[in-house]
There are 2 protein chains.
Amino acid sequence: MEHEFHQWLRDHPSINRPDKSILVGIGDDGAVLSSESAHTVVTTDTIAEGTHFDTSIHSLDLIGRKALAVNLSDIAAMGASPSHAVLTLLLPRHFSLADTKQLCSGIFEIAANYDVAIIGGDTNKWDGKLVIGATLIGHRSPSTTGWRINGAKQADRVVVSGSFGGSIKGHHLTFEPRIQLANYLAEHYEIHAATDASDSLSLDLQLLAQASNVGVDIDVDKIPISDALKTAETQTQLDGALYDGEDFELILTMTADVFEQINSDSNVPCQLTNIGEITPVTQGLRLLDTNGTFHPLIPRGYVH
Amino acid sequence: MEHEFHQWLRDHPSINRPDKSILVGIGDDGAVLSSESAHTVVTTDTIAEGTHFDTSIHSLDLIGRKALAVNLSDIAAMGASPSHAVLTLLLPRHFSLADTKQLCSGIFEIAANYDVAIIGGDTNKWDGKLVIGATLIGHRSPSTTGWRINGAKQADRVVVSGSFGGSIKGHHLTFEPRIQLANYLAEHYEIHAATDASDSLSLDLQLLAQASNVGVDIDVDKIPISDALKTAETQTQLDGALYDGEDFELILTMTADVFEQINSDSNVPCQLTNIGEITPVTQGLRLLDTNGTFHPLIPRGYVH
């Protein structure tokens, strides 16, 4: 199977796209990229059976898609454009060639959609469960310095893309990484801090607050709730939005002025919502409830 | 543990080395490298419990070392200098903080030895066995075009570093990747083709021959035998050298003239041996035995 699979791989259009930044692609000991004038961004993320997906429920192409999408979400959170990827596949012994191709097809489809060239990889069969890793390389303009997790400033608005909660119903596999949004904002606006909500809105807010040495106030009435939770009770909706995880939306901070400009910019490609603001670190993480009372926000998330 | 481990990681000198090519290191959604004038080389390799190592026999620091060393060997095979790495750890649930630190210490030590900055990673606990992946980024001069697996030419000498066979006795964990050799040769000589012997001398010779569309004749009397096999019978020695695998030596091809120059160059940092030559593809892979008779060389290697 190895040989047949590698043959299929080498003949696949996703592997053979002409690209002048690739001097050496798949098939050698490593890939060689020509240098670029932009800064290079590198991120890696691995998904594993039983932790991030379940092959008895999820289709292999959607699992493959997710392996790349979670990395694209990190690239978006850096305000960068993805360009190249290397893959790692640890395949269970029972995996057929058809299984492997289906998995890769999901990876290749989303790679093509986001203009990512697959430039190398490592495939092994083993006695364990399915593991798919990817390392993504991207580029961003040297002027895009604000897209760090540690850049939040006092009185910044906390702004999120899309909506939150209930990703287990499908969004965790089918989400569109916020590359388009990130690239538009990086080009036109000054963003102070950025990360993506992968663990959960509350946990990733905590990471951003800790890295930036600030506190955060979140207004519960403003948190956008995903359609997957729209029929649930209010408390279930709020809990889902704060703690479910795998939403892969962007969490951004910026001045109130910048948010106003963005809010009236019709070219912004998706919904952005101001859900709160940055406060002194001594105030910690707080939730403002419907009655105008503050409560401590205790971060938690999906435990894989 | 996650938090404690990340704290240890962030305070570790291997993670905090000042390096002006790293604009953003560990702790954000991705790493950012400044662009360089050299070509960028990317390679990825993953090792897994039961396939590439056995935690009941091998120490965790040597296992960590191996995870980086196998990638360094690929960088050497591209004639490049390593510079940056991202890591993926899938840790069994029973792994303690001390286990994880021991594993990482092995990675960090060899990273420091080869001047590799760890710029990111992804750590998960899961219900499966230990998996360690690394993606290495390196650089090479735009003039180093010959270090490809597909560049072997008719009448080239087939030249190997070090010695072969019996790596299971320890070499597969403790080998020094041939970075120093590769960098010296890349700078001073024209190499037509290069790869590293990871699967086995015979299998990797086959890969190089197929990629280059050539045949190879190997002289059995010239194959350097590792000390691990020196007390074995002659046939066992030869079989070990050809089929054992995980030697992580370089296989190079070059003109006879270039080999002569290299052979009399006292600055070459390790033993190089001319074990055969490149032939027309129609002759396939052949072994020349002690009696001067040719036999077909049937490639095989260590089946993980």
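# Contacts, domains and strands in a predicted model

User: What does Ile137(B) touch?
Analyst: Ile137(B) touches Val42(A), along with Thr40(B), Val41(B), Val42(B), Ser83(B) and His84(B), leaving out residues up to four places away in sequence. Contact requires C-beta atoms, placed from the backbone, to lie within 7 Å of each other. This is a predicted model, where local features need pLDDT of at least 70 and side-chain atom pairs count only at pLDDT 80 or more, while totals for chains, interfaces and linings use all residues. Residues are numbered from 1 along each chain as its sequence is written, and chains are lettered from A and ligands numbered from 1 in the order in which they are written.

User: Why is Ile137(B) called buried?
Analyst: Buried takes 20 or more other C-beta atoms within 10 Å of a residue's own; 12 or fewer is exposed, and anything in between is partly exposed, with C-beta atoms placed from the backbone. Ile137(B) has 31, so it is buried. Its place is strand β6 of chain B. Its C-alpha lies 4.6 Å from that of Val42(B), 95 residues apart along the chain.

User: What makes α2(A) a mostly covered helix?
Analyst: 16 of its 18 residues are buried. Helices here are DSSP runs of H or I with at least four residues, strands are runs of E with at least two, and both are numbered from the N terminus.

User: How does the span of α2(A) compare with the expected one?
Analyst: The expected span is 1.5 Å times one less than the number of residues. α2(A) reaches 26 Å from first to last C-alpha, close to the 26 Å expected. Just after α2(A), Gly79(A) takes a positive phi of about 65 degrees.

User: Where does chain A divide into domains?
Analyst: Domain 1 is 2-140 and domain 2 is 157-296. These bounds come from an automatic or database domain assignment. The C-alpha centres of the two domains lie 28 Å apart. In contact are 17 residues of domain 1 and 16 residues of domain 2. α2(A) gives the most to the domain 1 side, with 11 residues.

User: What classes make up that side of domain 1?
Analyst: Nine residues are nonpolar, four polar and four charged. Nonpolar means Ala, Val, Leu, Ile, Met, Phe, Trp, Tyr, Cys and Pro; charged means Asp, Glu, Lys and Arg; the others, Gly among them, count as polar.

User: Why are β7 and β10 of chain A called paired?
Analyst: Strands pair if DSSP finds at least two bridges between them. β7(A) and β10(A) have four, in the antiparallel sense, so they pair. Arg157(A) stands opposite Met254(A) in β10(A).

User: What makes β8 and β13 of chain A edge strands?
Analyst: The open sheet has seven strands, in the order β8-β10-β7-β11-β9-β12-β13, with mixed pairing. β8(A) and β13(A) each pair on one side only. The twist averages 30 degrees from one strand to the next.

User: At what angle does α2(A) run to β8(A)?
Analyst: α2(A) lies across β8 and β10 of chain A, at about 165 degrees to β8(A). Axes are lines fitted to C-alpha atoms, for helices over the stretch in contact, and angles run from 0 to 180 degrees between N-to-C directions.

User: What links chains A and B?
Analyst: The contact takes 51 residues from each of chain A and chain B. β3(B) gives the largest share of the chain B side, nine residues. That side has 20 nonpolar, 21 polar and 10 charged residues. β2(A) pairs with β3(B) in the antiparallel sense over three bridges. Leu33(A) stands opposite Thr40(B) in β3(B).

Definitions and conventions. Two residues are in contact if their C-beta atoms, placed from the backbone, lie within 7 Å.
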